[in-house]
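Dear colleague,

I am passing a structure on to you, and below it I have set out what was found in it. Please read the notes with the structure open beside you.

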Amino acid sequence: MGWINVEIKASCLDIEKLAQILAEHQADYKGEDHQIDTYFNVPNGRLKLREGNIENALIHYHRDNQIKPKTSSITYYKPGDSKDLKATLTEALGIKIVVDKRRKIFFINNIKFHLDRVKELGTFVEIEAIDENGTIGQALLQKQCYQYMEILGIGEEDLLAISYSDLLLEQSIG
């Protein structure tokens with residue numbers, strides 16, 4: 001299954017405040033998930049296996065690193081048993097980096113919000129405006145992303161251009 005989304009990732013000092021704002025906007029709270037994202041070495045894009053209590057998926061995506069809301073092209077697969085899949089991918093491709101996080105997940109219509117505590121990095125918020133079937137379009141996704149940045153008080157100075165995996169890789173090199 002493939003789709004596009006427009007997303008931002010931002011540093012956030014007070015994720016509880018954002019959880020309160022989302023509740024005030026009647027966001028559907030799905031729960032808190034402890035997720036381990038294992039990134040594999042691949043020749044193009046990114047490939048990660050997400051293992052969590054709520055979300056489990058093999059995700060391949062292409063996304064440019066940029067500060068402003070960015071578009072991702074995503075292919076998403078929900079495996080039945082991630083343990084055997086992880087062992088196979090590790091043997092075939094090798095592990096690039098592992099991201100360990102606790103994530104509170106919220107939805108408002110097609111927009112997904114993550115309030116993250118990432119081990120070794122800190123606290124963050126992500127907004128993903130999702131178009132799973134091509135009916136919303138990139139322009140509206142961009143508009144939705146900016147709208148919720150404003151509602152949540154996320155400024156351009158808070159935005160991150162790179163992923164958690166890239167931040168961890170930079171730390172390991174630095």
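With the side chain of which residue does the side chain of Arg 103 make a polar contact at 3.4 Å? The partner is the side chain of His 114, where a polar contact is a pair of N or O atoms within 3.5 Å, of which, within protein, one must be able to donate a hydrogen and the other to accept it, residues adjacent in sequence counting only if both atoms are side-chain atoms.

Before going further, please note that this is a predicted model, in which local features need pLDDT of at least 70 and side-chain atom pairs count only at pLDDT 80 or more, while totals for chains, interfaces and linings use all residues. Residues are numbered from 1 along each chain as its sequence is written, and side-chain values use heavy atoms, with hydrogens and water left out.

To stay with His 114, its side chain also makes a polar contact with the side chain of Glu 126, at 2.7 Å. His 114 belongs to strand E7, which covers residues 111-118; helices (H or I, at least four residues) and strands (E, at least two) are DSSP runs, numbered from the N terminus. His 114 counts as buried because its relative accessibility is 0%, buried meaning under 20% relative accessible area, exposed over 50% and partly exposed in between (1.4 Å probe, protein chains only). When neighbours within four places in sequence are set aside, the residues in contact with His 114 include Arg 103, Ile 105, Phe 124 and Glu 126, contact meaning heavy atoms within 4.5 Å.

As for the chain as a whole, it has four helices and eight strands, which follow one another along the sequence as β-α-β-β-β-β-α-β-β-β-α-α. Its radius of gyration, 16 Å, is close to the 16 Å that the globule rule gives for 174 residues, so the chain is as compact as a globular protein of that length; the radius is taken over C-alpha atoms, and the rule is 2.2 Å times the number of residues to the power 0.38. Along its principal axes the C-alpha trace spans about 45 × 40 × 30 Å, and buried residues make up 48% of the 174 residues. Of the contacts with a separation of 6 or more, 62% join residues 24 or more positions apart.

Finally, Glu 91, in helix H2 (residues 82-93), is exposed, with a relative accessible area of 71%. Glu 91 and Asp 158 are 67 residues apart in sequence, and 38 Å separate them in space, C-alpha to C-alpha.
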